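Keep the 3D view at hand and follow the points in order.

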Amino acid sequence: MDYTFDGYRPGSLAGVVGLHIDYYRDAWGFGLEFETKVALEMAEFLRRMEADRDLFLTAWDKQGRLAGSVTIDISGGGPQGAHLRWFIVSGETRGKGLGKDLMDRAIGHCDRRSVPQIWLTTFAGLDAARGLYEKHGFRLMSESGEDQWRGGVREQLFVRRKR
């Protein structure tokens, strides 16, 4: 399937939050705590993002529906480097290569800006995503009982150092 890649479009914030809640509600039983955390943090990022450094990438299908997204937060990533966030594809596109394409574009964005390190937090049990992260050079650095998503999961930190 062909996709159109873009940045922010009106409705993107709601669309990306919607993709997250659709998946994490059905697969993990997440609810209000998760949804509000994603929405608040993404809104804050979009208000402060620096277009020449950061990346808010969306993918749209032929019918104009949001099919996936990924964000790279360089300006607010802190001393750990660029923060990869809100990586998601719709249920209809899962397993069709869009996730790999989004990840390739996100990593390429960081490489073109000579970002020495990219980090992300996720949780144990997201095996397909973990496989994609590891194929792109991310390594599990730590796992803890901390549960910022309030869903009864074990948080993980993955880091990719520039090759």
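1. Start at T58. T58 touches T4, F5, D6, G7, S12, L66, G68 and S69, leaving aside residues up to four places away in sequence. T58 sits in strand β2. Is T58 buried or exposed? The relative accessible area of T58 is 0%, so T58 is buried. One of its contacts deserves a look: S69 is eleven residues from T58 in sequence, yet their C-alpha atoms are 4.3 Å apart in space. Keep in mind throughout that this is a predicted model.

2. Now widen the view to the sheet. Seven strands make up an open sheet with mixed pairing. Their order is β1-β2-β3-β4-β5-β7-β6. Which strands are at the edges? They are β1 (4–6) and β6 (139–144), each of which pairs on one side only. From one strand to the next, the twist averages 20°. As a general point, strands of a sheet pair through backbone hydrogen bonds, in either the parallel or the antiparallel sense.

3. Look next at β5. Six of its seven residues are buried, so β5 is largely enclosed by the rest of the structure. On one side, β5 runs parallel to β4, and two bridges join them. Here H83 has W119 of β5 as its bridge partner. Between these two strands the chain passes through α3, and this β-α-β crossover is right-handed.

4. β5 also pairs with β7 (residues 155–161). This pairing is antiparallel and has seven bridges. Q117 stands opposite R161 of β7. β7 in turn pairs with β6, again in the antiparallel sense, over five bridges. In that pairing, L140 faces F158 of β7.

5. α4 lies across β4, β5, β6 and β7. The angle between α4 and β7 is about 20°.

6. The largest nonpolar core has 25 residues. Which members touch the most other members? They are I72, L84, F87, L102, M103, I118 and F138. Two or more residues each come from β2 (55–60), β3 (66–73), β4 (82–89), α3 (98–112), β5 (117–123) and α4 (127–135). α3 gives the largest share, six residues. In soluble globular proteins, nonpolar side chains tend to be buried together.

7. Not counting residues up to four places away in sequence, L84 touches V70, T71, I72, M103, A106, I118, W119, L120 and F138. A separate core of 17 residues lies apart from the largest one. Its members include V17, F45, W86 and L126.

8. Then check the charged pairs. How many salt bridges does the structure hold? It holds 14. One of them joins R25 to D22, with the closest N and O atoms 3.5 Å apart. R25 and D22 are three residues apart in helix α1 (residues 12–28), so about one helical turn separates them. Both residues are partly exposed: R25 has a relative accessible area of 40%, and D22 has 39%. Together with D26, R25 and D22 are linked in a network of salt bridges.

9. R130 and E134 form a salt bridge at 2.9 Å, N to O. They are four residues apart in α4, so about one helical turn lies between them. R130 is partly exposed at 29% relative accessible area. E134 is partly exposed too, at 30%.

10. Finish with R65 and D61. Their side chains meet in a salt bridge, 2.9 Å from N to O. Is D61 buried or exposed? Its relative accessibility is 11%, and buried means under 20%, so D61 counts as buried.

Terms used:
Residues are numbered from 1 along each chain as its sequence is written. This is a predicted model: local features need pLDDT of at least 70, side-chain atom pairs count only at pLDDT 80 or more; totals for chains, interfaces and linings use all residues. Side-chain values use heavy atoms; hydrogens and water are left out. A nonpolar core is a set of buried Ala, Val, Leu, Ile, Met, Phe, Trp, Tyr and Cys residues joined through side-chain atoms within 4.5 Å. Buried means under 20% relative accessible area, exposed over 50%, partly exposed in between (1.4 Å probe, protein chains only). Contact means heavy atoms within 4.5 Å. Two strands pair if DSSP finds at least two bridges between them. A crossover is right-handed if, with the strands pointing away from the viewer, the path from the first strand over the helix to the second runs clockwise. Axes are lines fitted to C-alpha atoms, for helices over the stretch in contact, and angles run from 0 to 180 degrees between N-to-C directions. A salt bridge is a side-chain nitrogen of Lys or Arg within 4 Å of a carboxyl oxygen of Asp or Glu.
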